[in-house]
Amino acid sequence: QPAVRAAAESVVAGVRAVARHTDEKAWFETHEDALELFLSATTNEESSEMAARGLSGVSKLAKAECVRENRLAECLQKASQVPETFLVEHEACTWLEQLKCVATLLESKRNVPKVSEASVSIALGTCARGMYLAKKSATAKESGMVVSQAISSARRILDTVFVEAKKNDNEEALSVAEKTFQDLVTISRREEDDCLSGAIDCEYKHVRESTVATVASIELCNALVESHFDLFQKNEMLMRTLKERFCPIVEETLEKKFFCAAETTDFAQRRAVLQTLKSFVKVGRGGGFEKCIKTCLDRLVSSLESEMPAWLRASSLEILRFFCADGDICSFLHDAYYDPTKKDDSDTETPLGSICLIQARIVQSGLSMNSSEPTTSSWKPQGVVYDAVQKEFEKKMQKLSIAMKKKSKKNNTTG
């Protein structure tokens, strides 16, 4: 294109001239010829390869802090508007560059204000479209790369938002953090009559129909909970959304009836939800998640039954084994659910029963930790915990033995 060619010639002449100086960065900051060239290439309507190179150039200028703050919003807008037909060409190279570019622009130190609702909405909308369009438009290999890059860029954007939200005087960033988390949870829930708040600029019906977008949203929520749980603890809106809207997703996904007819395609969603449970136990214990954790533990134990698919039982055992191998987590489970005042009734299920079943199942499956040595750096001897577990375990084994004898006696009588 003539306009792109003219801009390129101007930039080449400028670069040759600046070679005689020592501060190239200052030249790029004051001369916007290079930025104009890359933006022209990004918005061209003839070549996807040129668009990819334009996006790459804009990213490099932004990373070097050579884009003026009054041009960042324009760059973000143009980077998000690359034609869809260009994105899938040349092994989705243009798509990957676009996803990298929007995150880099938002992270720029010259981006003032660092977080605005409009810029975050555009950037996250670009990432969301990458999640639900890639599987439809690209090959399996290319869609995998695009989805991976979309999640990576979204994490960078969300991390920027939540870091800024922690600053006491940044009310706008806090508002954006609340809305983006609400929208991520909405995508994770996939309810037909729901809608997005606008914090993520994409059509809800498209992300609701995409399993990839659903799983990715759960993974992004997990990352936020693990990295920024201190902000959730301080902010009532975030914590309410987490407990009232996100926790039910975990409980429902682990419900037995959901997985009685489970397919291997559900594996990714289950893995993401198990990671959520792991996050709750690691960083959220003592924060009011005890009821949710207890419900999930009970459902994990029920998923170990023989009629369940092998992949389902294996995924449950993996997370349960992690819990049982950590002394601090076992202490938390004991403190949260063991009731020493409860009567020792053989027909009554004690609150610690789920933990005993977990350990028994792991031993039966040959997956127990074969060591008497500590397996984690934070290991502390917790005698009272394991005394209680041993007592509960022996009680359960005794009940099982009695039941087996009764069954055997009944069979003999019948015979």
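Colleague: Is R190 buried, exposed or partly exposed?
Modeller: In this predicted model, R190 is partly exposed, because its relative accessible area is 30% and that class runs between 20% and 50%.

Colleague: Okay, and where is R190 in the chain?
Modeller: R190 belongs to the loop between α10 and α11, with α11 covering 204–208.

Colleague: What's its backbone like, say the phi of R190?
Modeller: R190 has a positive phi, about 60 degrees, and it isn't a glycine. Most residues other than glycine have a negative phi.

Colleague: What about E65, what is its phi?
Modeller: The phi of E65 is positive too, about 60 degrees, and again this is not a glycine. You'll find E65 in the loop between α4 (48–63) and α5 (69–79).

Colleague: And is E65 buried or exposed?
Modeller: E65 counts as buried, because its relative accessibility is 17% and the cut-off for buried is under 20%.

Colleague: New topic: how many cavities of 30 Å³ or more does the structure hold?
Modeller: There are three of them.

Colleague: Which residues line the largest cavity?
Modeller: Among them are L124, C127, A128 and M131, along with A154, L184, I187, S217 and L220.

Colleague: Which helix gives the most to that lining?
Modeller: That's α8, with four residues. Helices α8 (117–137), α10 (171–189) and α12 (211–227) each supply at least two residues of the lining.

Colleague: How does the lining of the largest cavity divide into nonpolar, polar and charged?
Modeller: Eleven of the lining residues are nonpolar, one is polar and none is charged.

Colleague: Now the confidence. What pLDDT does the protein average?
Modeller: The average is 76, and 69% of the residues score at least 70.

Colleague: Where is confidence lowest and where is it highest, then?
Modeller: Confidence is lowest in helix α1, residues 2–18, with a mean of 54, and highest in α10, at 93. That α10 is one of the helices that line the largest cavity.

Colleague: Which stretches have pLDDT under 50?
Modeller: One of them is residues 343–351, where the model has 16 contacts beyond four places in sequence. Another is residues 366–386, where pLDDT is below 50 and the model has 29 contacts beyond near neighbours in sequence.

Colleague: What should I do with the coordinates where pLDDT is low?
Modeller: Where pLDDT is low, the predicted coordinates should not be read in detail.

Note on methods: Residues numbered from 1 in each chain as written. Predicted model: local features only at pLDDT ≥ 70, side-chain atom pairs only at ≥ 80, totals over all residues. Heavy atoms only, no water. 1 Å grid on protein atoms, 1.4 Å probe; cavity = no way out; pocket = protein on both sides within 12 Å on 5 of 7 lines; lining within 4 Å. Points joined across faces, edges and corners; volume = space filled by probe spheres on them. Nonpolar A, V, L, I, M, F, W, Y, C, P; charged D, E, K, R; others polar. Buried < 20%, exposed > 50% of the residue type's maximum accessible area, 1.4 Å probe, protein only. pLDDT = per-residue confidence, 0-100. Contact = heavy atoms within 4.5 Å.
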